[in-house]
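Here's a quick briefing to read with the structure open beside you. We'll look at some charged pairs, and then at one strand and its neighbours.

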Amino acid sequence: MTFPKRTRWCGELRKEHVGSEVVLNGWVHTVRKVGKISFVIVRDRTGVVQVVVSSKSPYYEIAETLAPETVVAVRGVVRPRPPSQINPELPTGEIEVELRELIILNRAKPIPIPIWDAELMKTTSETLRLKYRYLDLRRPEMQRNLFFRAELVRVLRNSLDLRGFIEVETPYLARSTPEGARDFLVPSRLYPGKFYALTQSPQLFKQLLMIAGFERYYQFARCFRDEDPRADRQPEFTQLDIEMSFVTREDVMGLVEDVMREAFGKTLKKELPDPLPKLTYSEALKKYGIDKPDIRFENFIEDGDENLRTTLNAEPGEAVRFLRFELRGKRPEALKEFIEGILSREGGVEHYYVVRGENTLLSNAGEVKAELVRLLDLGIGEAAVISVGNYVKASETLGALRNSLGRYLELVRKDEYAMLWVTDFPLFELNEEGVIVSMHHPFTAPKPEDISKLDTDPLNVTALSYDLVLNGYEVGGGSIRINDRGLQEKIFRMIGLTDEEMYDRYGFLLEALEYGAPPHGGIAIGLDRLVAVMLGQESIREVIAFPKNKEMMDPMTGAPGKPPEEHLREIRWLKIDI
């Protein structure tokens, strides 16, 4: 197909272009007829411009048949709009294009989702949006999100390049080394019965790059995790992976701060504090109840006194912690439902809430609700939530609620950014079966002064780890790595790996650590989450071009799907049910 090629973008035309002939390529946005004149609004990715078709034009009747989203090539002359028709809300509102030639490149059917009606889109199901994602992506909001993401990647890449980092691609197909989430397994056609695993992160490869002597590495890595469906997770995601040699924890954190300040300054014109605030894990838990606190508002978590403990029949050793807040104009019933929705996802501790309205008292505390009001000194228009149980779980329950309330009660402004570090995490924690596991991953180094505790008090060993938090979301996590084979083997044994399992899964790493492994550390920054928080989006699906839905499926392509039988035969997959 031959057609006139674009000479100007729709959104760039201004008064200085008056009198010039232009060719526009794009989509028909709207068509309206006023008297004997048709106004065709043509759109491309830069914006819209008005094309005028008079009744004398040979294209007048054709213009009347144009349906929205039809693809066209337009040739015309830029002219000033009459003063009465100037639209100050449009960048192109002072000019219009007088049509000279119109070519229809592809007619469009009526579109199945109302992409140009913002109110109707609010009630359009996410399944329908994802089924017609190629249409959903035409919306200015979605285009803005993806253009911003691309610009952020450019800034981050340039910032690291100028600091002497080298971008290296690591394999996606690797050996399954299960820790954390489940692997996506890929059967090998050439080696029947054997499987690759899609990498959950480049963790081991980036450590090997430090042993190889590259010293400063980064990569925008695709990562894959076969997790159970969760509201805002994706089975594949992107992280900015960074690793450095001959560094301390403070070196890595300082580098990341510099890069983040540059990124926020160039993309959002926002300044981050220098240096960023820091909280230890213990401080964050005590004050905010969570290791990813939103520090844009106060409402700190408090410990209950003996009277409160007695009223709630707390057992010795159980924590009693509470969070109090104002209703800020919310109906007591609505706030009660919101609280119950959050607490229903938080198990392992007892929850009590009290919501005091003008003429109502809503609570799940039964006969003691009035006593709770007295002990907490709750006034009209105030509420409190109390958690009783394990200190960490009780704190985390209130911390998750606090972060959610900050947004629900509009205690924070969307254009405000509060970034901080949380450091000094425990190296180990107990899983639900009471078994010691790594809090982050087993390659994290302990603080040197705590190594002696590994044999005597492992749960009080502190890690050389650090998380980057933005507005109540963890956007990055890293650590100094273990670079000594003996210590790495010890950590593997402490989390329950037998020598056979250790050498089978990680023998290559253990051997590499004996050939001059430098001190090294790094961080992984979740690009999807970072972009979402920077743009004030609640879901990362709003900043990913083609995401999966909440059930980890793709309504557009139908993935995952059943493969052809011949493909299954090629990989000798004998036990099949299709």
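This is a predicted model: local features need pLDDT of at least 70, side-chain atom pairs count only at pLDDT 80 or more; totals for chains, interfaces and linings use all residues.

A salt bridge here is a side-chain nitrogen of Lys or Arg within 4 Å of a carboxyl oxygen of Asp or Glu.

**Salt bridges to find**

- Start with Arg139 and Asp136, since both of these residues are buried, which means under 20% relative accessible area.
- Next up is Arg261, whose side chain meets that of Asp258 in a salt bridge of 3.1 Å, N to O.
- Arg261 and Asp258 sit three residues apart in helix α7 (residues 249–267), so about one helical turn separates them.
- Is Arg261 buried or exposed? Its relative accessible area is 17%, so Arg261 is buried.

- Arg79 forms a salt bridge with Glu98, and their closest N and O atoms are 3.4 Å apart.
- This pair ties together distant parts of the chain, with Arg79 in strand β4 (residues 71–80) and Glu98 in strand β5 (residues 95–106), 19 residues apart.
- Arg79 has 28% relative accessibility, so it counts as partly exposed.
- Glu98 has 31% relative accessibility and counts as partly exposed too.

- How many of the six residues of strand β21 (residues 465–470) are buried? Six of the six are, so the strand is largely enclosed by the rest of the structure.
- Both faces of β21 are covered: Ser465, Asp467 and Val469 are buried on one side, and Tyr466, Leu468 and Leu470 are buried on the other.
- Strand β18 (residues 419–423) runs antiparallel to β21, and five bridges join the two.
- Look for Val422, whose bridge partner in β21 is Asp467.
- β21 also pairs with strand β22 (residues 473–480), again in the antiparallel sense, over six bridges.
- Over in β22, Gly477 is the residue that Asp467 stands opposite.
- β21 and β22 form a hairpin with two residues between the strands, and Asn471 in this hairpin takes a positive phi near 55°.

Technical notes: Residues are numbered from 1 along each chain as its sequence is written. Side-chain values use heavy atoms; hydrogens and water are left out. Helices (H or I, at least four residues) and strands (E, at least two) are DSSP runs, numbered from the N terminus. Buried means under 20% relative accessible area, exposed over 50%, partly exposed in between (1.4 Å probe, protein chains only). Two strands pair if DSSP finds at least two bridges between them.
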